[in-house]
Amino acid sequence: MAVRNIASVSPCLAEPTSGYNPSSGPGPPPSATLHRPDGTRPFSVRYSLSSLHDDSAGGGSDGEGGGGLGGGGGSGANQDFRTVYLNEPQPYKYCSNAICTAKYRYKLLFFLPMFLFEQFRRYANVFFLIIALLQQIPGVSPTGRYTTLVPLICILVVSAIKEIAEDIKRHRADDEINKREIEVLRDGQWQWIRWRHVQVGDIVKVHNNKFFPADLIILASSEPQALCYVETANLDGETNLKIRQGLQETAHLLEARDLMNLSGKIECEAPNRFLYQFTGNLKMTSRQAVPLSPDQVLLRGAKLQNTNWVFGLVVYTGHETKLMKNSATSAPLKRSTVDKQTNNLIILLFFLLIVLCLIMAVCNSQWDANLHWYLSIDDLSVFNFGINFITFIILFNNLIPISLQVTLEVVRFIQAGFINNDVNMVYEENDVWAMARTSNLNEELGMIKYVLSDKTGTLTCNIMEFKRCTIGGKIYSMDDGSAQELISLVETGGPGSAIVRQFLTMLAVCHTVIPDRDDGKPNGGIIYHAASPDERALVEGARELGFVFETRTPEHCIVDVLGTKEKYEILNVLEFTSQRKRMSVIVRTPEGHIKLYCKGADTVIYERLGDSQQFRDVTVRHLEDFAGEGLRTLCYAVADISPDFYEEWKNTFYKASTALQFRERKLEDAAQLIENNLTLLGATAIEDKLQDEVPETIAALLKAGIHVWVLTGDKQETAINIGHSCHLLTQGMPLIILNSDSLDETRESINRHVVEFGDQLKRENEAALIIDGKTLIYALTPDLRKDFLDLCISCKSVICCRVSPSQKAEVVELLTRETGSVTLAIGDGANDVAMIQKANVGVGIAGLEGLQAACASDYAIGQFRFLARLLFVHGAWNYSRLCKVILYSFYKNICLYVIELWWAAMSGWSGQVIFERWSIAMYNVLFTAAPPLVMGIFDRSCSAETRMKYPELYRESQSGSHFNWKVFVWWVWLALVHSVMVFVLPYLAMTQDVAWGHGLVGGYLMVGNMVYSYVVVTVCLKAGLETDAWTWVTHLAIWGSIASWFIFLLVYSNFWPVLPMAPDMCGIYFQVYSSPVFWFGLILIPLACLLPDVCVKTIRNSVYKSLTEQVRESEISNKDVSKVLDTKHRLTETARLLKNVFRRTTTRVNLEVELAHGFAFSQEEHGVMGQSEVIRAYDTTQPKPGGM
């Protein structure tokens, strides 16, 4: 159902151009008031659309397109469409072509409010802001007015510097794109300008292998009939090239002067996010309007291929392009799981703090002041109760560590630096280093449960190579040189030479490839242009074997066979479709014979073979071998056609092609008449080249307990073939294939498979689920999505084919929200941006193009293989380190500040502090700051090499066992026990107030500084106890922190009267350092506190030893780590039964056979021109226009 959006919300609001006069030159008619079809509220538009008002044009699902003229408002005056004038100033100032994917998009304008909003989403910062404000009330704060405000400002400044540094990287990546150059027609000449300066209405010239800078309407190209080839892998993931064609009315505009004489306007729909729909009209001056469709549109993010140049008119720019409409306008504000858990813990501590302060205020109000009449305390009132309550909140606010945020920011920033400078994650071929575009998710990398990957450009290189073939029952390989035997066999005319010659001739003739000459290229200067990368690989393979396809005209093609030119007349082309799964060419050979060459899936070829095929069975075995290696296969067959039969068939085919009813069916029936009684020649095997170490990386991810899903816009056969190549799918693995045409059919299929799983539902099984985009639309409906998700998580692997960018994002969002698992999305193209931003962690492949995916990601890497090191090493390390930093920070603060509670019981609940105020303030800044920093930066349980070699170690961090409620309560309990011991033991030692042999006594600050010293030593040694990797930096941090307190006490006690501060600390250092009781306690008390910790740690590492601890001990003792790990996985009996069930219930038998035999073929279907029309349009003997 079409939905008309009256005014879209756009980041770029169009404004009337100053000085524009509607009466001068061609311009829009007066404003008109239109009414909705349903008679509701009228709306005004600037121009009339004449024949374009079609209420049925809008709508459509995310996967199918939509958004015709009825969909989406455009920029400018609330209009529902857009008018672009040719070679004239535009009436509105449209969106700039500069893009911005940074978090803080408008730089300084909105940085401060957005930054503060993000920072105060952390409840700790809100809490400390409240404390800082309460401290400004005179006579309330026992710790001074600025002891919270100054650290809070420091935290915000450090965080701001980090955010600015990270966002500058994003702006630089955006600038790299915005500063690319393109030729634009200005003042009658072609001028090179930057992409950011391209405007709506500009006429641009795009050269071969270049990206389109904006959304364009094709005017003309270097190819016949304004054709051009477009690579859309960056948009939809499809490997085959698309054919786009300009209108015949503009195809003759081949020079700049012709373009300058062009006048009129283009009326089109308002900017929207639907990639596959476009509606508009070209109205040239004094001519009738000509309709525009998606076949005339070149989208930003796509690349021009196999075409020297193309002229295009800019209709959408910047964030109004369809590519950017499919992407979030700015980077989302993501938070890690650990960060969210920490927030919850802070809320818990806050409520505990409130309860504690209320209890202390009540105790203070009930304290009998008459027993201490000399203190002259007045009667307590309700007002005093409130003041005391606030005083206690200020006193105990440090139970929530203010230093935690700044410590985490510094640690994360340095961890990101480790990722950026990891030499083991450098893609040397392109000199691409890993880049942490944000550091807030470092620990999230250690908790990944699902990896959702794009295929094209992420797992594959999008490069097809002819690898092997089987001819006459014998395999020939390009790798071992055995294929070169074919050349000598043809030359010598030995046994089997006839079938070999027939096979190689078919490779060079049966295709839709266009040859082009380039004298700067090898191989005779011939380069091949093809919509299908498979076909180009096959023709290039034939060239390597001496059969060079070199010329195409509308009637014939010429093949150079080992130096001899052979001319083949093209009589008919029976096109490839996904239903036919084959392509045939009928040719007249140089000898005058008529032959039919047919290639396609083995199932469709074999059922059309004649009787007594000599190589039938052996070829099937070869196909299975090829498929086992992940190669893409095609079968080849030939038939001799008699002239009489051909003439009769040609008439039948002509009638079918001109039929007004059931044309498709009649054409298929006509093809069936001639595509039979074939003779099998052999088969080819093409490698869709994977990126380096992709199978090994996926195998490692699976061992680590990470589920890998592939979400691709490519065809199902291609995706499954790649699944086998990268070992995501294994031979014999049951495939649950969901290809449904309706909601009811989808529901029945999903429910049936859910029932088949039985008790194994929601558990990992040795099965894979394959679903196409059309079925996914139904599967994601509200009543089916839960069952569909249950089915998905019951499978080891999931592959979604032919999915749109929005569907990718929807799958990621569903998985993340419903399972609560940590997801990672990885891709390289603009079509992956949406899912990258929806996942908990987004990783972009910084490939040759380096476009939107890397810019919109949280982490960018050079190739997929580096994902393993990013997760297993950096992710696991960072998670373990951050968990220790957070827990230790809470521990050390509770250990010190809860002592004030024990002291309050001794001081009449008065709020009197036992420690000097600036000593309290310096606790987190100086004396205990280094240990958590070093722990968060350098600590590690085992080496990077071990973690890469044994992915199973990742499961420990993945489970989140290092940071949860149970672990937190344990650390809090330890902190409380230690705080009791470090206070009670000195208190008991000083019960008689005797600290020296001569009988003199010290005051409360004497006890306070003794206790403070014991706390510093205890918490620093506790950090050492929790550290796994001791380095010289660790020793420096721990012993240096302890030493810093003793030096500080010495210096600070001598400030007065030289400096006007701390008079009550004057000479305290001498009292403390001269007391034998103090030194005895310095040895005894920290050891007594940590003795239970040592016992617990010893028992845990002996009796309840974790896998990581076992590996760590093996590393330390130089033992074989592999003996610790049991990596064998065995199927349960239930899983075996399930395997048999799925073998019986998987869909169509023919499809299973094709997948087992590796059939895959990429070819655009139902394009602007049929494959036969394309080859009839070319005459490579004629020169191409220069487009000057």
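Helices (H or I, at least four residues) and strands (E, at least two) are DSSP runs, numbered from the N terminus. The model is predicted: local features need pLDDT of at least 70, side-chain atom pairs count only at pLDDT 80 or more, and totals for chains, interfaces and linings use all residues. Residues are numbered from 1 along each chain as its sequence is written, and side-chain values use heavy atoms, with hydrogens and water left out.

**View 1. The protein chain holds 39 helices and 37 strands.** Of its 1188 residues, 58% are buried, where buried means under 20% relative accessible area, exposed over 50%, and partly exposed in between (1.4 Å probe, protein chains only). Among contacts (heavy atoms within 4.5 Å) with a separation of 6 or more, 75% join residues 24 or more positions apart.

**View 2. The largest nonpolar core of the model comprises 147 residues.** Such a core is a set of buried Ala, Val, Leu, Ile, Met, Phe, Trp, Tyr and Cys residues joined through side-chain atoms within 4.5 Å. Leu824, Ile861, Leu867 and Leu871 touch the most other members. Helix α25 (residues 866-897) supplies the largest share of this core, 20 residues.

**View 3. Leu867 is shown with the residues that it touches.** Leaving aside residues up to four places away in sequence, these are Val451, Leu701, Leu824, Ile826, Val843 and Ile861.

**View 4. Met1061 lies in the loop between α33 (1032-1052) and α34 (1068-1073).** The relative accessible area of Met1061 is 30%, so this residue is partly exposed. Beyond residues up to four places away in sequence, Met1061 touches Tyr1052, Phe1055 and Trp1056.
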